[in-house]
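Keep the viewer open and follow along.

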Amino acid sequence: MESTTKLYSLNYTNANTYLFAFVFIVGNVVLPQLCHLVHLGGPAMLPIYFFTLIGAYKYGFKVGMLTAVLSPLVNSFLFGMPSVTILPAILLALVAGYMADRFRKITIPALLGTVMAYQVVGTLIEWALVGDFYLAAQDFRIGIPGMLLQIFGGYALLKAIAKR
């Protein structure tokens, strides 16, 4: 028997939007710090994207956007990284919110499509900005574990909170 999935699209006028965004921002501060305890843990695990994906997919574009914009700013202010270039995280919020709204289901293919869409577009934009494809493609060179974490870990967490 398949469980019912509740996906939301919270508005900026809803206090829960800010509560959930706060929770996911905290996750996006703590998880990167844990990953950075391991050599290349940040670039390999892409931790700043994980809770942005969860927030946008489960609670909608607005929670995702707040998480995507504020997480890198808080991390940069507290720890000096990442640089305040947040375009890929914003792309993730847009794509995840769209995919959740379009499919209304939590599936591996939908999460794979979400992650690949923002990674490819983000890589192309970064390549245009920095002019170095090798640098722009870093996520594809060493970030495969992080992409897999987002897809399969995201799937597991979204399924765990699906009925809430």
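## How two helices cross

Helix α1 passes α4 in a right-handed crossing. This is a predicted model, so treat what follows as a reading of that prediction. Two packed helices are described by the angle between their axes and the distance between the axes. Here, the axes of α1 (residues 15-35) and α4 (residues 61-79) come within 8 Å and cross at roughly 40°.

Who does the touching? On the α1 side, the contact includes Thr17, Tyr18, Phe20, Phe24 and Gln33. On the α4 side, look for Lys62, Leu66, Leu70, Val74 and Phe79, among others. Sorted by class, the contact has 13 nonpolar residues, six polar ones and one charged one.

## Two leucines with a positive phi

Leu40 isn't a glycine, yet it has a positive phi of about 60°. You'll find Leu40 in the loop between α1 and α2 (41-45), and it is partly exposed, with 44% relative accessibility.

Leu46 is no glycine either, and its phi is positive too, at about 50°. Leu46 sits in the loop between α2 and α3 (50-59). Is Leu46 buried or exposed? It's buried: its relative accessible area is 5%, and buried means under 20%.

## A threonine tucked away

Now hop over to Thr123 in helix α6 (residues 108-130). Thr123 counts as buried, with a relative accessible area of 7%. If you skip its neighbours within four places in sequence, Thr123 is in contact with Phe133, Ala136, Ala137 and Phe140.

How values were computed:
Residues are numbered from 1 along each chain as its sequence is written. This is a predicted model: local features need pLDDT of at least 70, side-chain atom pairs count only at pLDDT 80 or more; totals for chains, interfaces and linings use all residues. Side-chain values use heavy atoms; hydrogens and water are left out. Axes are lines fitted to C-alpha atoms, for helices over the stretch in contact, and angles run from 0 to 180 degrees between N-to-C directions. Helices (H or I, at least four residues) and strands (E, at least two) are DSSP runs, numbered from the N terminus. A crossing is left-handed if the near helix is turned anticlockwise from the far one by less than a right angle, and right-handed if clockwise. Contact means heavy atoms within 4.5 Å. Ala, Val, Leu, Ile, Met, Phe, Trp, Tyr, Cys and Pro count as nonpolar, Asp, Glu, Lys and Arg as charged, and the others, Gly among them, as polar. Buried means under 20% relative accessible area, exposed over 50%, partly exposed in between (1.4 Å probe, protein chains only).
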